[in-house]
Amino acid sequence: MKFLRSLGQRGRPRRLGDADEEWREAHWAPPASEADSHRFVALQPIFDRRKKVFGYEALSRSKWENRFTGDPDTATQTMIDDWLLRGLDELTAGSRTFINCTFGALTEGSLKLLPTRVVLELLETVEPGPEVVSACRKMKALGYQIALDDFRLTKKMDVLVALADYVKVDFRSTDSDQRRAIVGRVKGLATIPVAEKIETEKEFDTALAEGFRLFQGYSLATPVLYSRRRIRPLDGNHLRERRQPAFG
């Protein structure tokens, strides 16, 4: 697809692991020993009803494999660091971008460092307690949008539904009645239902008929992995060697 071919291009061929600190699409995996010298992120597009790209979900990755192994809090903090220090904007081109958000990241305030076009996607493990609700209200007041991941209809979630801009529904772990009930629950609200894990064309058509407005899944586009070389600071000895005059 054209958007996948063009994403991240800067008018020259992409070379994995360039030392110029630009994000490069990772087409192949070099020796595992090189993983520590790179940072990684994956982007999966989110589409509208006409299959046009609405935005992206930015996914933390720890190695050349297109998957994450580690702690969710670490993943969220890494995403914040990459955005602030390593220019994820050059990949997303200013599009609406969803990032996974843990209880700690939401309540500690570090997410306020991100641009307001970032959508804070609350993981299903985040409970709608007073601290979480208060933090969501503060972030909304600052201009951020809220998404609820793996959403299920329960009474306790009503307070977050009232604040949410998106509810993401796992298409493969819900049946049609459950999904239609969710779409009906947010109808009339400023809350967009998102069907995720759409893996066949038939599932897309079904989700469309059920009233979903945004769509994400492997049948539409798989996550694209990007890498960026870490430029390690020079140590003092190396700097002194470089400053020594040459004789002879």
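Helices (H or I, at least four residues) and strands (E, at least two) are DSSP runs, numbered from the N terminus. By that rule, the secondary structure of this protein comes to 9 helices and 10 strands. The model is predicted: local features need pLDDT of at least 70, side-chain atom pairs count only at pLDDT 80 or more, and totals for chains, interfaces and linings use all residues. Residues are numbered from 1 along each chain as its sequence is written, and side-chain values use heavy atoms, with hydrogens and water left out.

**View 1. The whole protein.** The protein has 248 residues, and 46% of them are buried. Buried means under 20% relative accessible area, exposed means over 50%, and partly exposed is in between (1.4 Å probe, protein chains only). The accessible surface comes to about 13100 Å². Carbon and sulfur atoms hold 50% of that surface. These areas come from the Shrake-Rupley method with a 1.4 Å probe; for residues, only the protein chains shown count as cover. A contact means heavy atoms within 4.5 Å. Among contacts with a separation of 6 or more, 63% join residues 24 or more positions apart.

**View 2. Strand S7 and its two partners.** S7 spans residues 166–170. Here 5 of the 5 residues are buried, so the strand is largely enclosed by the rest of the structure. Tyr 166, Lys 168 and Asp 170 point one way. Val 167 and Val 169 point the other way. Two strands pair if DSSP finds at least two bridges between them. S6 and S7 pair in the parallel sense over 2 bridges. Leu 148 has Val 167 as its bridge partner in S7. S7 and S8 also run parallel, joined by 5 bridges. There, Val 169 has Ala 195 of S8 as its bridge partner.

**View 3. Helix H7 and its buried face.** H7 covers residues 176–186, and its buried residues are Arg 179, Ile 182, Val 183 and Val 186. Seen down the axis of H7, they fall within an arc of 95 degrees, so they line one face of the helix. The arc is that of the directions from the helix axis to the C-beta atoms. What do the buried residues of H7 pack against? Their neighbours are helix H6, strand S7, strand S8 and helix H8. At the start of H7, a side-chain oxygen of Asp 175 reaches to within 3.2 Å of the backbone nitrogen of Asp 177. Gly 188 follows H7, with a positive phi near 90 degrees.

**View 4. Arg 179, a buried residue of H7.** Arg 179 sits in helix H7. Its relative accessible area is 6%, so it is buried. A polar atom of the Arg 179 side chain lies 3.3 Å from the backbone oxygen of Phe 171. A polar contact is a pair of N or O atoms within 3.5 Å; within protein, one must be able to donate a hydrogen and the other to accept it, and residues adjacent in sequence count only if both atoms are side-chain atoms. Arg 179 also touches Val 169, Thr 174, Thr 206, Glu 210 and Phe 212, among the residues listed beyond four places away in sequence.

**View 5. The largest nonpolar core.** A nonpolar core is a set of buried Ala, Val, Leu, Ile, Met, Phe, Trp, Tyr and Cys residues joined through side-chain atoms within 4.5 Å. The largest one has 47 residues. Leu 106, Leu 111, Leu 120, Leu 122, Cys 136, Leu 148 and Leu 160 touch the most other members. Helix H5 (residues 130–141) gives the largest share of this core, 5 residues. Not counting residues up to four places away in sequence, Cys 136 touches Leu 106, Leu 122, Ile 146, Leu 160 and Leu 163. Another core, of 8 residues, lies apart from it and includes Val 119, Ala 147, Ile 192 and Val 194.

**View 6. Two loop residues with positive phi.** Most residues other than glycine have a negative phi. Lys 51 has a positive phi of about 65 degrees. Its place is the loop between strands S2 and S3. Asp 150 has a positive phi near 45 degrees. Asp 150 is in the loop between strand S6 and H6. Lys 51 is partly exposed at 34% relative accessible area, and Asp 150 is partly exposed at 25%.
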